[in-house]
Amino acid sequence: MSGVRNGVVSALVGIGAWWLVVILAGLPPFILPAPDRVARALWTSRETIAENAVVTLVEVLAGLVLGAVLGALTAIQLALFPLARTLIRPMLVFFQAVPVFALAPILTLWLGYGIWSKLAMALLIIFFPVTSAFYDGLTRTPQGYLDLARVMEARPWAVMLRVRIPNALPALASGLRLAAVYAPIGAVIGEWVGASKGLGYLMLLSNGRAQTDVMFAALFVLAAMTVLLHTAVDRGSRAITARYAPDHG
Amino acid sequence: MTPAPAVTVEGSARLGQQPLFPPVSLRLGAGEWTCLLGPSGVGKSSLLRIIAGLETGIDFTGHVTTGDGAPLAGRIAYMAQSDLLFPWRSVTENVLLGAALRGTAPDRARARELIGRVGLTDHAGKRPAALSGGQRQRAALARTLMEDRPVILLDEPFSALDARNRAAMQSLAASLLAGRTVLLVTHDPAEAARLGHRILVIDEAGLREMPRPEMPPLRPVSDPATLEIQMALFAELGRGAE
């Protein structure tokens with residue numbers, strides 16, 4: 001519970017500092033609106049913000065699920081087949097080196113202005129952390145477990161399914177924790193590049209109309225969404241770690 | 001269980017360019033406990049792993065043969081110093097691990113009976129993290145018994161336990177594994193003196209068989225004859241260190 005209390009205290013301090021800067025520097029609202037102004041914008045534009053927030057949330061969740069599934073499957077392929085390691089790993093590193101931001105216009109060109117280009121962005125941005133975390137876990141099966149499986153004449157699929165994957169689940173969980181923070185970034189970048197809905201789109205639109213207070217309100221909702229998502233994934237990850245690696249919890 | 005065969009491993013081993021041990025011939029008597037005693041790093045675990053068909057990281061030239069001529073594959077159960085219990089499986093599920101890995105039907109009634117014989121009935125549904133070190137090694141013993149193999153390879157399975165638990169586990173293992181061909185690798189002369197039908201010492205100089213003790217195992221810890229064997233083993237280990 002002290003985590004919640006610390007969060008509240010630090011939010012209050014942040015809001016206070018924000019307010020102080022606005023008053024002391026005499027900033028006009030279209031540069032930096034005061035917290036009360038943003039709160040009012042959050043209330044008056046609540047329907048618009050909610051509509052767009054749902055769109056972004058769907059993009060993020062879909063990207064997260066797809067990215068996690070594809071990342072996990074890729075990691076298993078990498079762990080199973082040496083050929084996959086030779087072929088796919090350099091590709092993975094290459095795609096990780098290309099900034100996803102740079103791909104956004106291309107993805108919008110290919111996949112259009114709808115949900116697919118945002119989903120692809122979210123997926124791309126989380127694919128690498130999920131894959132590499134899970135693959136690392138899969139390659140770190142304790143030798144003793146593998147020896148025991150060998151003497152027990154385990155079938156190869158059973159070694160993967162019953163030994164290596166369960167043992168690597170805590171590693172996958174830490175990959176997913178990262179993914180929960182990255183996925184909204186991907187979706188919002190996608191919305192900036194080309195969209196007609198979503199929080200990223202709303203922020204860009206408000207910016208163009210000098211409605212800085214609405215922009216901040218949207219940003220606030222986006223941040224809150226990301227924190228909630230991260231908290232949920234973190235809870236799940238802890239449960240997995242407690243069950244599959246209690247000695248390292 | 002099929003009749004327990006004698007097992008012989010013959011050969012020599014090198015670690016890179018260094019010879020690890022000169023040519024040795026280690027024979028495990030059918031249905032007997034053979035204790036292999038020696039200091040760390042002389043390859044006693046490697047010999048056990050060679051019989052088990054596991055990676056050793058050493059260059060071994062030689063072969064493993066059985067008294068009945070049949071291959072060893074599928075006739076071995078293995079227990080290590082670490083209990084190797086899977087933390088995400090309950091005690092019962094750990095005991096049933098072999099069936100799960102082979103994709104065969106689990107014999108739950110037998111698992112329950114074996115868990116009872118190692119004294120863990122009240123803990124059958126618990127995960128390993130909820131057990132003490134001694135209880136965990138009992139669960140590992142039940143898993144080993146569940147495999148019902150005629151040849152049992154024990155790689156210092158009791159060395160991480162405190163003295164009382166170790167003595168209790170020795171007695172339990174000796175009674176439950178009786179009649180099987182057992183190789184026990186250990187660095188504890190007292191353990192070898194209690195448990196071995198035959199006791200061998202291995203070090204850089206090679207493999208030496210100690211005189212066969214008259215009293216059959218399991219020998220009482222404080223029996224003068226047991227202590228005499230133990231002292232002879234200490235002397236033999238000391239001789240190798242000179």
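This is a predicted model: local features need pLDDT of at least 70, side-chain atom pairs count only at pLDDT 80 or more; totals for chains, interfaces and linings use all residues.
Chain A contains 10 helices and 0 strands. Its order of elements along the sequence is accordingly written α-α-α-α-α-α-α-α-α-α. Along the principal axes, the C-alpha atoms of chain A occupy a box of roughly 75 × 45 × 30 Å. Of the 249 residues in chain A, 39% are buried. Among the contacts in chain A with a separation of 6 or more, 79% are between residues 24 or more positions apart.

In chain B, strand E6 covers residues 151–155 and is mostly covered, with 5 of its 5 residues buried. The burial applies to both faces of E6(B). One side carries B:Val151, B:Leu153 and B:Asp155, and the other carries B:Ile152 and B:Leu154.

E6(B) is paired with strand E5 of chain B, residues 76–79, through 4 bridges, and the two strands run parallel. In this pairing, B:Leu153 of E6(B) lies opposite B:Tyr78. E6(B) also pairs with strand E7 of chain B, residues 181–186, again in the parallel sense, over 5 bridges. Here B:Ile152 has B:Val182 of E7(B) as its bridge partner. B:Leu153 and B:Ile152, which take part in these pairings, belong to opposite sides of E6(B), and both are buried.

Definitions and conventions: Residues are numbered from 1 along each chain as its sequence is written. Chains are lettered from A and ligands numbered from 1 in the order in which they are written. A residue is buried if 20 or more other C-beta atoms lie within 10 Å of its own, exposed if 12 or fewer, and partly exposed in between; C-beta atoms are placed from the backbone. Two strands pair if DSSP finds at least two bridges between them. Two residues are in contact if their C-beta atoms, placed from the backbone, lie within 7 Å.
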